[in-house]
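Hello,

Here is the structure I promised to hand over. Please open it first, then read my notes below.

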Amino acid sequence: MEFGPHFLLATLEGALTAAVLALTAVGLSVVFGIMRVVNVAHGEFFMLGAVIAWFVSTLVGVHPAIGFALALVAAPVAVGALAIVADRLVLRRLNYDPERTIVATIGLLYCIQQLTLMTFGPDARPVVPPFNQRIALPWFEFGEQGLQVIWPWGFGITTYKLAVIAFAVIILVGLWQFLARSRFGLVMRATQLDREMAQAFGIPIDRVYGLVFGLGAGLAALGAVLIVPIRQAHYLMGHEPLLLSFIVVIIGGLGSIPGTIIAAVLIGLSDGIISVFFSPTLAKIIATLLVAFVLVFRPQGLFGLRSA
Amino acid sequence: MLRLDRICASYGRVQALFDFSLEVRAGEILCLVGRNGAGKSTVIKAIMGLLPISSGTIEMDGKRISDCPPHRIAGLRIGLVPQGRRLFAELTVAENLEIGLMVRGSGAETREMALELFPRLRERLKQVAGTLSGGEQQMLATARALCIEPRVILLDEPTEGLQPSMITQIRNAVLQLKERNVGILLVEQRVDAVLELADRVCLMETGRNVEEYSRREVNAFPALLIDHLGI
């Protein structure tokens with residue numbers, strides 16, 4: 001395959017990574033932005049989403065589409081509920097102290113991971129995608145007879161991958177609208193801006209924090225359900241999304257949702273393209289270097305506000 | 001109406017209030033006066049539940065509120081205009097007012113009432129609060145507190161850093177609130193404002209009550225106030 005089609009294919013793979021990464025990283029960003037909690041267990045909520053998706057789709061077993069549709073609802077709800085319980089039992093008792101919550105979420109990470117290993121086992125398990133037709137993509141070239149349409153061999157993408165990208169975009173637009181227009185979105189933004197004043201104006205921040213932690217975990221789980229038909233469920237699968245989410249959130253600007261989405265697109269696309277042309281390890285090295293540069297030259301991130 | 005009885009409060013190991021007492025009555029302006037660091041803003045924080053008290057009681061209409069979580073205090077119709085305004089700077093003017101309205105589920109009528117006092121805000125409803133001028137920000141901070149339909153309002157240095165025309169507007173708003181029978185606790189450093197507005201003056205120093213004067217006393221002997229503030 002020539003460079004052009006190869007590059008476009010790599011870009012589409014990168015867009016898939018970006019879509020799932022954006023969902024996962026926005027979850028982490030919302031939690032940090034509003035609660036000031038660095039949730040080290042975020043990757044495990046992602047992993048739990050994938051495991052629950054496998055469990056639900058296996059349990060239902062009628063048609064892959066029905067099982068998957070149920071997983072798409074059940075996994076984020078179950079993981080979100082678990083996060084709310086974790087918030088009540090652990091984070092609230094620590095009064096959301098930024099340092100102690102880091103240690104607490106590290107503990108949470110190992111609890112979730114080891115409990116999953118004990119119950120789900122060490123094997124990677126696949127989830128059947130609800131649909132997976134391959135679409136051949138055309139390519140345009142200038143030949144002797146002018147512009148020609150050609151169909152390079154192996155140049156295509158599955159309908160499922162396209163659907164994942166579209167679904168992630170819909171969820172992110174929906175989330176943006178929810179934050180900008182809904183009453184709870186206003187409460188969340190006010191709490192993010194000034195926790196003390198929010199309380200002085202009747203906002204029960206403990207309850208807001210619980211729901212925000214649940215929302216963040218639910219978004220990670222949703223990202224995992226979308227990716228699990230492509231990458232399989234495994235009890236150690238949370239590490240990479242956690243690392244990439246932190247990279248994206250730092251580059252985008254801590255707590256900035258537009259920054260997080262733009263950084264996710266940047267990192268996702270570069271990850272896809274570099275992985276295809278060079279190696280996935282090189283893609284991670286470059287992303288980590290980018291974080292180092294951002295921390296040195298623009299510590300507040302590309303779209304974050306400089307603190308006074 | 002709002003009564004603080006021998007309250008003590010600390011920031012970590014540093015005690016900031018020592019058996020401090022005061023009472024705010026309906027339709028009355030009580031000025032809380034003291035030098036910087038005397039503990040005036042700490043009193044306001046304690047009333048709003050933002051700083052837990054270690055002893056004493058805070059009551060509203062005879063009901064103990066010092067055990068209430070902070071978010072319940074506003075629901076008792078105690079409004080706050082904090083020092084430095086502390087608006088939700090990235091929210092619009094309308095959204096800041098909406099936060100105030102949410103406290104009691106109040107509607108457009110309450111918002112109109114707040115905007116009547118500060119008509120300039122009506123033209124700025126879609127503007128981000130952080131981009132308003134200092135005076136407009138103070139108006140918004142006051143209007144936001146009015147949106148909870150307060151029975152008691154706590155104003156912490158509302159005229160700090162404002163130009164004279166703005167000070168007049170804020171003063172007029174305070175007087176209108178008094179006419180509506182709202183109890184007002186005003187923390188103020190400007191002697192002329194205290195002399196003009198106060199029905200009673202409570203002097204405090206290093207977290208303790210020093211003296212309380214009536215309007216007549218401070219107007220007859222403004223030196224009492226001036227000496228205390230060290231101006």
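Start with the open sheet of four strands in chain B, ordered S2-S1-S4-S5 with antiparallel pairing. Strands S2 (14–24) and S5 (63–64) of chain B stand at the edges with a single partner strand each, so one side of each has no neighbour in the sheet. Two strands pair if DSSP finds at least two bridges between them. Helices (H or I, at least four residues) and strands (E, at least two) are DSSP runs, numbered from the N terminus.

A word on the source. This is a predicted model, where local features need pLDDT of at least 70, side-chain atom pairs count only at pLDDT 80 or more, and totals for chains, interfaces and linings use all residues. Residues are numbered from 1 along each chain as its sequence is written, while chains are lettered from A and ligands numbered from 1 in the order in which they are written.

Back to the sheet. Strand S4 (residues 53–60) of chain B is joined to S5(B) by two bridges, and the two run antiparallel. B:Glu59 stands opposite B:Arg64 in S5(B). Helix H1 (residues 40–47) of chain B packs on the sheet and touches strand S1 (2–11), S2 and S4 of chain B. The direction of H1(B) makes about 75° with that of S2(B). Axes here are lines fitted to C-alpha atoms, for helices over the stretch in contact, and angles run from 0 to 180 degrees between N-to-C directions. Contact means C-beta atoms, placed from the backbone, within 7 Å.

Next, another pair of strands. Strand S6 (residues 78–81) of chain B pairs with strand S7 (residues 152–156) of chain B in the parallel sense, over four bridges. B:Gly79 stands opposite B:Ile153 in S7(B). From S6(B), B:Ile78 and B:Leu80 point one way, B:Gly79 and B:Val81 the other way, and all are buried. Buried means that 20 or more other C-beta atoms, placed from the backbone, lie within 10 Å of the residue's own.

Now the whole chain. Chain B has nine helices and 10 strands. Buried residues make up 43% of its 231 residues. The C-alpha atoms of chain B fill a box of roughly 45 × 40 × 30 Å along the principal axes.

Last, the contact between chains. Chain B gives 19 residues and chain A gives 13 residues. Helix H2 (70–73) and helix H3 (93–102) of chain B each supply at least two residues of chain B's side. The largest share of that side, five residues, comes from H3(B).

Best wishes

Definitions and conventions:
Buried ≥ 20, exposed ≤ 12 C-beta atoms within 10 Å, placed from the backbone. Contact = placed C-beta atoms within 7 Å.
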